[in-house]
Amino acid sequence: MTTVRQRRVAKGTEAAEDQPSEKNVKPDGKILSGHTGRRLWNILSITVGGIVAISLGLLTSVYVATLHENDLWFSNIKEVEREISFRTECGLYYSYYKQMIQAASIQQGLHGLVYDNKTESVRTINILERMNVYQEVFLSILYRILPIQQYLEPVYFYIYTLFGLQAVYVIALYVTSWLLSGTWLSGLLAACWYITNRIDTTRVEFTIPLRENWALPFFAVQIAAITYLLRTHLQPVQERLTLMAVFIATFLFSLTWQFNQFMMLIQALALFILDCFDMLPTAKVTWLYIIQISGLLLVCVLQFFNSMILGSLLISFNASVLITRTIQKNLKKGGLLNRLGKLILHVLLVLCSTLLINKFIKKILNLESDEHIFKFLKAKFGFGATRDFDANLYLCEEAFGLLPLNTFSRLSDTLLFYVYIFVLFFMTVAAVIVAFQNLSGSNQVQFMKKMGECTITLKPDAAYNLIHTVLFGCLALSTMRMKYLWTSHMCVFASFGLCSAEVWKLTLKCIHLYTSQRTHVIKYSVPIITLLYISYKFWPGIMDELSELREFYDPDTVELMNWIKSDTPNTAVFAGSMQLLAGVKLCTGRTLTNHPHYEDKNLRERTKQVYQIYAKRSPEDVYRILRSFGTDYVILEDSICYERRHSRGCRLRDLLDIANGHIMDGLGENEPDLKTSLYPRFCEEIKKNLPSYTIHFTRVFQNKTFHVYKLAKHK
C-alpha cells in the first residue's frame, strides 16, 4: 500500500515535540499555542461546510420538484393523468404502492403482493421475490401509520420522498469531494456542477419511480463511506462505524435496484485491481468484499431467495478472490518480474474460478433469468449477430446504445469535462508510477525515498475514486442509460482535483513552477473563479427554466383508461405492449398478460408471444396465443403498428419478422434465408373487418391512437 510519505525525524526531535518550546512560553509561564485556534477554525469550517451541504441538498430537492410541477402542472391535473405521467415501468412500480395504500389492512396488502395473480394472467407470482419494490411497501406502511392522510395525498408523499432523496444524493457527492480534497469548497463545486449538468446527471423529475432514482443516492452514500474508510490513521471505533455505514448503504442500494449486482461487480473489480497493485490496505478490501456479499445475500433472503441474486457474477467473483488469495500466499513479495508472474497467475485463477463457481451455481439452480443480458452484451460487443428477439429489443433502444457525442459538448459548456480530463490525466500518471513503485519491491522503494520531494504518492481514497470513475466511465461510454452513474461521480472527481494540493503540486512541478505558497493560492482561486463563471453563465438559464410553465396533455390515453374503468369487468385480462399495460394496471387495476419488468425468462417468452399482434400471423394463431394467456381484450397501438421512430431493422415489427424468419417491410436488404410470410400483418389487417378476423375479434373501442378488440369466447 502506498500512502503519503513523511520524512523520518530523529527520536530527539520527537521527544522535543512533546514538550513546549521556550519561545512558546510567556514570561508569566502561560503557554502560547496555536493548537486551540486551529481546532476552533476546524470546527467553524466543518460547521459552515455542513450547513452549505444541507442547504444545497435541500435546494436541489426543491429545484427538481419545481421542474416536475412546472412541466406537468401536477397539482392541477386529474388523478388518472397523474398516474399516466408515470410512464412504462415507473407506472408498474407505483401501482404496488397504490395497491398497498388501498388494501384493507397492511397484512392484506402484503398478502396481495406475495400471492399476486393480476400482474401476469393465469399465473400467481410473488412480487416481493420478483421485483425490487420494498421501498414502495415501506412508504405505503409509513403513510398509513403517520397522521398525514388529511394533509398530504399518497402520490405527493411518494414523489416528495424521491425528491428528498435527491438531497441525500447531493450531500453524499459533496461530502465525498470534501473528504478527498480536504476543503468544503470542493463539495460546493461538485454540487454546483451536478445541478448545472442536470440533463446528464439525473432524470428524476420525469421518471420518478424508476429504480435507479431510489438506488443512486444510497450508492453515493456508500462511495462517501468507502472514501472515508480508506483514509489512513482511523481509530478502531471510527473504522467499525464506517464499515457499518458502508454495509447499510450497500444493503439499501442492493434492495432498491435489480441491476445492483452488475454495478457492485464493477466496484469489486476496482477493488481487485487496486489490491493487486498494493494500492489499498488488504484488510479493508477484504471487509468490502464481505460487505458486498453479505448485503446481497440479505437482500436475497428478503426477496424469498431470488435465484438471480444467488447466481450473480458478483457473489462468484468475490468468493473466488477470497478463496484464491487464501491459496496463493506471498502474492505481494519479490521483485518486479516475480510479482508480475504471481499477479498474472492470480488474475487467471480468479477469473477461471469465478466462471466455474458461477456455472456450478446456475446449473444447480437451473437459472436462466439473466441470460438475455449476456445475449445482449455478446451481440453489442460484436461477438456475432443474433436474431434473438430479447437481445435485439435492447440493442435497438437508444438508452442501451453508445453515449452520444453531444453529451460531451454539454458537459464542456460548464467546464466540467475539461477539468475532469485534466485531473484524470495527472491522477492516472500518478497511479501508473505508484503501481510500478509498488511492484518493483523494496529496493526500488528505498531508491525512491532517497529522491525525497520527487516521490509521487497516491492516497488510497484517491486511488479508489480514480479507478471507480474510469470503470464507470467505460460503462457509460458503452451504454448510455448508465451514464448517470458516471456523470455524478465526474462532478466529484473533477472538483476534488481542482481543489487538491497534490494535483496542483504535481502539475506545477511538471512545468517547474512549484512553490507551496503558489499551490495554496491556486487550489482556492481556480475553484472560486470556476464557481463565478458557472454562476454567471447558468444562473439566468436556471431562472428561465423555473419560470417556464407547461401542462400534461395525453387525451387519447386518458380516454382509453376511463373507458377501461367504466366499460370492462374488474376481472378482465388485457394484452398489449409492455409500456401501455403498466399504465393499465396502475390506472384501472385490470389483469395483464405481460409487463415491463423483464428479468424473468417465462415473462420474456410470454411477451414475445403477445407481441405477435404486430407480426405477420394468421388471426387463428394470434387468437390461440392470446386465449392461452386468458386474454379478454387486446389493445393495438398505431404508434407501434406504423412505427417511424426507429429505422428499418429496429422497428418492433421488424424484430418480430426477423425472429419469425419473415422478410421485413419496406425497401432495403434482407438476410437470404428470410422468407415471405403467408399472412399479412395482423395489426393492419384486423382493421379491415374481414370475416376471418371478426369471428375472433370485435372492436369495442377506438380513438386516434388506440384500437381495443374483445376476444370471442369459443367453446
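Biologist: Does Val122 count as buried or exposed?
Modeller: This is a predicted model, and Val122 sits in the loop between α5 (106-114) and α6 (127-130). The cut-off for an exposed residue is over 50% relative accessible area. Val122 has 61% relative accessibility, so the residue counts as exposed.

Biologist: What is the phi of Val122?
Modeller: Most residues other than glycine have a negative phi. Val122 is not a glycine, yet its phi is positive, at about 50°.

Biologist: Where is Trp73 found, and what is its relative accessible area?
Modeller: Trp73 is found in the loop between α2 (35-72) and α3 (79-84). Its phi is also positive, near 55°. Trp73 is partly exposed because its relative accessible area is 40%.

Biologist: Which elements give two or more residues to the lining of the largest cavity?
Modeller: The structure holds two cavities of 30 Å³ or more, and the largest has a volume of about 100 Å³. Its lining includes Tyr169, Phe219 and His489. The elements that give two or more residues are α8 (154-181), α11 (211-229) and α24 (483-498).

Biologist: What distance separates the centres of domain 1 and domain 2?
Modeller: Domain 1 covers 161-367 + 401-542, and domain 2 covers 555-711. Taken over C-alpha atoms, their centres are separated by 44 Å.

Definitions and conventions:
Residues are numbered from 1 along each chain as its sequence is written. This is a predicted model: local features need pLDDT of at least 70, side-chain atom pairs count only at pLDDT 80 or more; totals for chains, interfaces and linings use all residues. Side-chain values use heavy atoms; hydrogens and water are left out. Domain bounds come from an automatic or database domain assignment. On a 1 Å grid over the protein atoms alone, a cavity is a set of points where a 1.4 Å probe fits but cannot get out, and a pocket is an open set with protein on both sides within 12 Å along at least five of seven lines; lining residues have an atom within 4 Å of a point. Grid points are joined across faces, edges and corners, and a volume is the space filled by probe spheres set on the points. Helices (H or I, at least four residues) and strands (E, at least two) are DSSP runs, numbered from the N terminus. Buried means under 20% relative accessible area, exposed over 50%, partly exposed in between (1.4 Å probe, protein chains only).
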